[in-house]
Amino acid sequence: MSGTLLQIAAVFTVLSFLAFGGGAAVLPDMQHQAVDVHHWVTPREFLDMFALSRTVPPGSLIVVLVGQKAAGVAGGLAAFLAMFGPSSVLAFAVAKVWHRAGRAVWREVVEQALAPVSVGLTIASGIALARSTEHDWIAYAVTAGTTVLLTFTRLHPLAVMGAGAVLVTLAGG
Amino acid sequence: MTNRSPASLGALFLSFLIIGCTSIGGGLTAWIRRELVERRRWIDDQQFLANYGLSQIVPGATNVNLAVLIGAQLRGGIGACVAFTGLMLVPLSILLLLGGFYFAAHSVPGTNWINTALAGAGAAAIGFNVATGIRLGRTNVRRTGPILIAAAIIIGIGVLRIPLLEVLLVILPTSLGLTLFERSR
């Protein structure tokens, strides 16, 4: 049990430092670790957990469910602290340097250089997730439709997720 | 920086607790701004945006970083901890409960529809991620170089499934170099 907790802490601490552009960036690696390496969850469960975690702010608490499946509530809390603790401490430390830098040139350079990285990671995570779960044509259609709807309209994400759930259930999964 | 009314730790905790509850329908960033800038007036819009920009640059969930940064600006290290705890307390509890229900439903016959519905919601949630990336890209990534950087990441991770760390080790220096090169011209 405590062995599993240590593994959870180790996996998510590493991911915490790699989550450039938000929690979505590390989803493909997290899935690899949780499914293929440690066998905590199945690919299907991972997608279920992703959907559940998206309904609760800040939308990136999937780590809690993965940890909870692996080692109960203690596992969920360990995953939570390992994922959000290190990045929060880093943010706190960077803020001190950052605010001191004012409008220094290197600050602008870093901001500009990181923008396409964040964008690329966010989109890549969606594609990697779709490819690694049993996505049939209905699921691909829902993913594509949602992408278009949420890119070009102001529809509420939760409403669109609900519609996706209803559509796939009616289609018989 | 002088703030119009100093934030007590209790009030800071309460504010982020409220934000954690109200944002359950989504729009966390908007709720943070509304509570701290408009209602409490602890920070102004400029300070909010400065913290928001920084929260996107460091690794980790943007909204969580934002709470930590604002908490730190108002009350230092303790403020950061208080903001973080207040923000996450309710969502974390709800998710642990949801997880409990989900794992329990797994072993109950006749609950297949839950898995089917979740698969649908999951497919839509994936689209939500892709759309978020596209929206961010439309405003922030407009020139050829940065577009190629984003495209390389999408192909490397999304299609070729190269591990994130390896991609970052190549892409981060490349993007920094490209930015410096473009600025020098």
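Val63(A) touches Phe12(A), Ala79(A), Phe80(A) and Met83(A), leaving aside residues up to four places away in sequence; two residues are in contact if their C-beta atoms, placed from the backbone, lie within 7 Å. The model is predicted: local features need pLDDT of at least 70, side-chain atom pairs count only at pLDDT 80 or more, and totals for chains, interfaces and linings use all residues. Residues are numbered from 1 along each chain as its sequence is written, while chains are lettered from A and ligands numbered from 1 in the order in which they are written. The scores of the model are ipTM 0.85 and pTM 0.86. For chain B the mean pLDDT, the predictor's confidence in each residue from 0 to 100, is 89, and 97% of the residues of chain B reach 70 or more.

Chain A has seven helices and zero strands. Helices (H or I, at least four residues) and strands (E, at least two) are DSSP runs, numbered from the N terminus. The C-alpha atoms of chain A fill a box of roughly 55 × 45 × 25 Å along the principal axes. Of the contacts in chain A with a separation of 6 or more, 60% are between residues 24 or more positions apart. Buried residues make up 55% of the 173 residues in chain A; a residue is buried if 20 or more other C-beta atoms lie within 10 Å of its own, exposed if 12 or fewer, and partly exposed in between, with C-beta atoms placed from the backbone.

Val63(A) also belongs to the largest nonpolar core, where it is among the residues with the most contacts, along with Val66(A), Ala79(A), Ala67(B), Val68(B), Ala83(B) and Ile153(B). This core has 112 residues, and its largest share, 17 residues, comes from helix H4 (residues 62–101) of chain A. A nonpolar core is a set of buried Ala, Val, Leu, Ile, Met, Phe, Trp, Tyr and Cys residues joined through C-beta atoms within 7 Å.

H4(A) packs on H1(A) at an angle of about 35°, with the axes 8 Å apart. Axes are lines fitted to C-alpha atoms, for helices over the stretch in contact, and angles run from 0 to 180 degrees between N-to-C directions. The residues of this contact divide into 16 nonpolar, six polar and no charged. Here Ala, Val, Leu, Ile, Met, Phe, Trp, Tyr, Cys and Pro count as nonpolar, Asp, Glu, Lys and Arg as charged, and the others, Gly among them, as polar.

In helix H2 (residues 27–37) of chain A, the buried residues include Leu27(A), Pro28(A) and Met30(A). The cover over the buried residues of H2(A) includes helices H1, H3, H4 and H5 of chain A, together with H6 and H7 of chain B. Just after H2(A), His39(A) takes a positive phi of about 55°. His39(A) counts as exposed because it has 9 C-beta neighbours inside 10 Å. In the loop between H3 and H4 of chain A lies Pro58(A), which a cis peptide bond joins to Pro57(A), with omega about 0°.

Between the chains, 82 residues of chain A are in contact with 79 residues of chain B. H5(A) gives the most to the side of chain A that touches chain B, with 22 residues. The residues of that side divide into 53 nonpolar, 24 polar and five charged.
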